[in-house]
Amino acid sequence: MMKRLSFSLLLFSLGTASFAFETVDTKNNTMVLEAVSGQPLYIRYYGGKLCNSDLESVSLCGSLKELAYPFHGNRCHREEALSAIMPDGKLGLNLLVRSVSRKGWEGGEIVEISCRDDVYPFEVKSVYKSYFEENIIETWTEISNCGKKPVVLSRFDSGFLPIRVGDVWITHFYGSWGAEAQVETEPLRRELVTIKSKDGTRNANRARSEVMISLDGKPDENTGRVIGAALCWCGNYELRFDTFDGDNHYFFAGINPDNSAVSLEKNGTFVTPPLALSYSSEGMGGVSRNFHRWARNFKIHDGHRDRMILLNSWEGVHLDIRQEEMVKMIEGIADLGGELFVMDDGWFASGKYKRNSDGSALGDWSVDTDKLPDGIGHLVDVAESHGIKFGIWIEPEMVNSQSEIFEKHPDWILRQPGRDISYGRGGTRIVLDMSNPAVQDFVFKVFDDIMTANPRIAYIKWDCNEIIRNQGSLYLQNQQHTYIEYIGGLIKVLERIRAKYPDIVIQNCSSGGARVNYGIMPYFDEFWTSDQTSAHQRIRIQWGTSYFFPACAMACHISASPDLHTGMPASLKYRVDVAGSGRLGVELHPSGMTDSEKSFCRRAIEDYKSIRSVVQQGDLYRLVSPYDDKGVASLMYCSPGKDKAVFYWWKTDHYIDMRLPRVRMSGLNPAEKYKITELNREEGSKPHTFEGGSFSGKFLMEHGLEIPFDRMNPWQSIVLLLDGQTNRID
Ligand code: DGJ
């Protein structure tokens, strides 16, 4: 990619004042910082793209001038991004600009502005990294103690953004196991709004570290100015909106400092995780598409590779792994046209402990030869003999107390000396101390041993099912560093794994989607969206997840009906149509399927292959939200060239005299003619009037297709392929 340097530094004077504006630019966004040597660093603008003459207007119009990284001292009288305790116990800072540097990188530019305290040997470098094509600016800070004695950081956010008060709304995501990423939309009032996590390991549980900020009133998908913010950190975090009497809402994002003060020794530097920001005037949809592009290009491992269609064994057999069943599952998914089989939890044991319940053997990663007499290699061979690949489940950061590894290394777990251990799932599960290099080696070895013994394994499902219940490390001197060093150790291991295994597909799973974030996703190809596979609820979960994460990373599986967790039934077509809007997979035992179900799935999987690149690499347009209770939810993906699109429509309610809205499409080329073909059509069902017809993009976007309400089908859904005919309309 070409290095793009646009106008960077602009010096000019107005009356007696002189300004030094540093801009951080993307294709459609600009951030303006005022960096005058000996003065604090200010943010003057963030929003749509500005040209040089607009820059002068920024200073003339008398608008925004706020500390770019507010610090505790005598310049900031509300929430702060940074507070530090100096060696003499004093608290205040006064950070003044010392230098500015800019350099290009293949995707944009990096602007670094160094500030130094005017009394103490203490420096903060604010870094801004632009992703030009994707319209993302990442910001983080590098905080350095240049003195001899330790400094303690009691708050150390990644970034800060002032947002002009008006009709500002936020959209954020809550929900835990089985109901992840539920969408919450609310106006910002004059109060302190905090969204945070303290789990230690599963930071997307309960609340997520991403937020949409709509500047023009109630959020809309296609219109209005919206800022998206995602903290790229997989540990405890905190997002805060502080709004009291000023002209601005003050948005802060960073690592959660609760019980995590950072001690900076002599010459020590602490680097905060990046906060990724994107601005769009095309509503929340515009921001989502920016984040999806950025994710595929930079933040999800191998973001452009076609994701394989897989069968995962969990819901089919749970822990009851047996060789003959695994072979049946392999044959089953191969017969359906799948490309990968993944053996989930239950395959391992030690001499002493068996994995017949989730309370034992976790950490003892030897094959249970009672269950799999011919070992993993045999299953890899069987899979390959059926033309598919093989994958396997691990949960390497956790152990059961009923395991040989724990008996051998009781000091490897997180715990507080002298106190009883608190256990999680199964009454025995505990978290390893990832800050300990010996544990890091162990976790790396779990992965490495499996791969060395079976180099043709193509996929690893990396699970993480426990929170940090025992808040202490036997390894670390400074207990305040436990949460942060846990993540540091985990990332070191993931880096080692990726250096050695760049091609293996790794799924990020955490009791479903409890660890979906951009701190960890660069090491993973995809995530398990939720253990909740009931299509009805999955629509809402996938919808919420789609605000920041692209379909190629979102694992969506067809499971049995009635649903395992809710008892909710759904037709096979409906389940297929919902799962097919993400990375398609299967989560049931194929032996339980009838011949007609198999034949339907076979055709659906074939259809999916033909649209996979549009779904996984295309631009998402959310059309009707399941959260709006209109009785229908609908979205579509358009290929980057707009020559192909796939439209999804699912009924979400069912009663006589329903009036469903006619859904207008989005993202198409108005001048293109699209031929409509229904996918996943049930055998014998009557084609719709529009089947095979051609419609202009303009018509589809202004009018849409009428999908008749089927009074006898509570699980009505439809998937349409729109194939551009390249006939221009005069
Ligand atoms: C939680 C995951 O979300 C499930 O898919 C499954 O892998 C289980 N863990 C296995 O223990």
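Student: Is the crossing in which H10 passes H11 left-handed or right-handed?
Tutor: Start with the names: helices (H or I, at least four residues) and strands (E, at least two) are DSSP runs, numbered from the N terminus. A crossing is left-handed if the near helix is turned anticlockwise from the far one by less than a right angle, and right-handed if clockwise. By that rule, H10 passes H11 in a crossing that is right-handed.

Student: Before we go on, what kind of model is this?
Tutor: Residues are numbered from 1 along each chain as its sequence is written, and side-chain values use heavy atoms, leaving out hydrogens and water. Local features need pLDDT of at least 70, side-chain atom pairs count only at pLDDT 80 or more, and totals for chains, interfaces and linings use all residues, since this model is predicted.

Student: How are H10 and H11 oriented, and which H11 residues touch H10?
Tutor: The axes of H10 (residues 572-579) and H11 (residues 595-617) come within 11 Å and cross at roughly 25°; axes are lines fitted to C-alpha atoms, for helices over the stretch in contact, and angles run from 0 to 180 degrees between N-to-C directions. Angles under 35 degrees count as roughly parallel, over 145 as roughly antiparallel, 65 to 115 as roughly perpendicular and the rest as oblique, so H10 is roughly parallel to H11. Contact means heavy atoms within 4.5 Å. On the H10 side it involves Leu572, Lys573 and Val576, and on the H11 side Glu597, Phe600, Cys601 and Ala604.

Student: How many charged residues does that contact of H10 with H11 have?
Tutor: Ala, Val, Leu, Ile, Met, Phe, Trp, Tyr, Cys and Pro count as nonpolar, Asp, Glu, Lys and Arg as charged, and the others, Gly among them, as polar. The contact has 5 nonpolar residues and no polar ones, and its charged residues number 2.

Student: H10 also packs with H9, so which residues of H10 take part there?
Tutor: H9 (residues 535-545) and H10 pack at about 15° with their axes 9 Å apart, which makes H9 roughly parallel to H10. Their crossing is left-handed. H9 brings Ala535, His536, Arg538, Ile539 and Gln542, while H10 brings Tyr574, Arg575 and Val578.

Student: How many nonpolar residues are in the contact of H4 with H5?
Tutor: The axes of H4 (residues 323-336) and H5 (residues 375-385) come within 10 Å and cross at roughly 20°, and the two are therefore roughly parallel. Their crossing is right-handed. The contact residues include no charged ones, 3 that are polar and, as nonpolar, 6.

Student: How far is a polar side-chain atom of Asp531 from an oxygen atom of the ligand?
Tutor: Among the 13 residues around the ligand, Asp531 is one of those that come nearest, along with Asp344, Asp345, Lys461 and Asp463; a residue is near if one of its heavy atoms lies within 4 Å. For Asp344, a polar side-chain atom lies 2.7 Å from a ligand oxygen atom. For Asp531, the distance is 2.5 Å.

Student: Where is Pro562 found?
Tutor: A cis peptide bond joins Ser561 and Pro562, with omega about -5°. Pro562 is found in the loop between strand S33 (554-559) and H10.

Methods
A polar contact is a pair of N or O atoms within 3.5 Å; within protein, one must be able to donate a hydrogen and the other to accept it, and residues adjacent in sequence count only if both atoms are side-chain atoms.
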